[in-house]
Amino acid sequence: MKNFDIQLDEEYAQKLAYIQQEADQDTVEAIKSSIELRYQQLQQQETDPLAKLKQSKFIGCFKGEADLAANSEAIVRKRLRSVS
């Protein structure tokens with residue numbers, strides 16, 4: 001078994017106290033369960049491509065006009081006219 005000496009700022013000390021109270025756990029159990037939860041999330045990401053994508057900073061992509069950002073209003077108006 002390893003021993004750790006950690007220091008938490010006030011914000012994290014309050015969060016830990018909240019977890020302990022809500023889960024009815026002592027400090028060690030609260031930390032262990034938090035580590036286990038994060039470990040499971042990371043393991044799932046490795047095997048689940050959708051989970052990896054959801055955790056990434058990627059927003060999205062689509063096929064469209066090359067100058068969409070610069071001319072979005074004109075492009076939308078043109079498309080709306082062609083639909084009508």
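In which helix do arginine 77 and glutamate 73 both lie, and how many residues apart are they? Both belong to helix 4 (residues 68-83), four residues apart, about one turn of the helix. The legends below describe this pair and other sites in a predicted model, in which local features need pLDDT of at least 70, side-chain atom pairs count only at pLDDT 80 or more, and totals for chains, interfaces and linings use all residues. Residues are numbered from 1 along each chain as its sequence is written, and side-chain values use heavy atoms, with hydrogens and water left out.

**Figure 1. Model confidence.** The pLDDT, the predictor's confidence in each residue on a scale from 0 to 100, averages 87 over the protein, and 100% of the residues score at least 70. Confidence is lowest in helix 3 (residues 49-55), at a mean of 78, and highest in helix 1, at 96. Helices are DSSP runs (H or I, at least four residues), numbered from the N terminus.

Figure 2. The structure holds three salt bridges, each defined as a side-chain nitrogen of Lys or Arg within 4 Å of a carboxyl oxygen of Asp or Glu. Arginine 77 counts as partly exposed because its relative accessibility is 45%, whereas glutamate 73, at 57%, counts as exposed. Buried denotes under 20% relative accessible area, exposed over 50%, and partly exposed the range in between (1.4 Å probe, protein chains only).

**Figure 3. Salt bridge between lysine 15 and glutamate 11.** These side chains meet at 3.0 Å, N to O. Both residues lie in helix 1, four residues apart, about one turn of the helix. Lysine 15 is partly exposed at 40% relative accessibility, as is glutamate 11 with a relative accessible area of 43%. An α-helix has 3.6 residues a turn, so residues three or four places apart point the same way.

**Figure 4. Salt bridge between lysine 32 and glutamate 29.** The closest N and O atoms of this pair are 4.0 Å apart. Lysine 32 and glutamate 29 are separated by about one helical turn because they stand three residues apart in helix 2. Lysine 32 has a relative accessible area of 47% and is partly exposed; glutamate 29, at 38%, is also partly exposed.

Figure 5. Aspartate 24 lies in the loop between helix 1 and helix 2. Its phi is near 50°, a positive value in a residue other than glycine. With a relative accessible area of 70%, aspartate 24 is exposed. Aspartate 26 caps the N-terminal end of helix 2, with a side-chain oxygen 3.2 Å from the backbone nitrogen of valine 28.

**Figure 6. Nonpolar surface patch.** Phe4, Ile6, Leu8, Tyr12, Ile31 and Ile35 make a nonpolar surface patch of about 650 Å². Patches are made of residues with over 30% relative accessible area and no salt bridge; like charges are joined within 9 Å and nonpolar side chains (Val, Leu, Ile, Met, Phe, Trp, Tyr) within 5 Å. Accessible areas come from the Shrake-Rupley method with a 1.4 Å probe; for residues, only the protein chains shown count as cover. Tyrosine 12 lies in helix 1 (residues 10-23) and is partly exposed at 45% relative accessibility.

Notes. Helix = DSSP H or I, 4+ residues; strand = E, 2+ residues; numbered from the N terminus. Polar contact = N/O pair within 3.5 Å; in protein donor to acceptor, adjacent residues only side chain to side chain.
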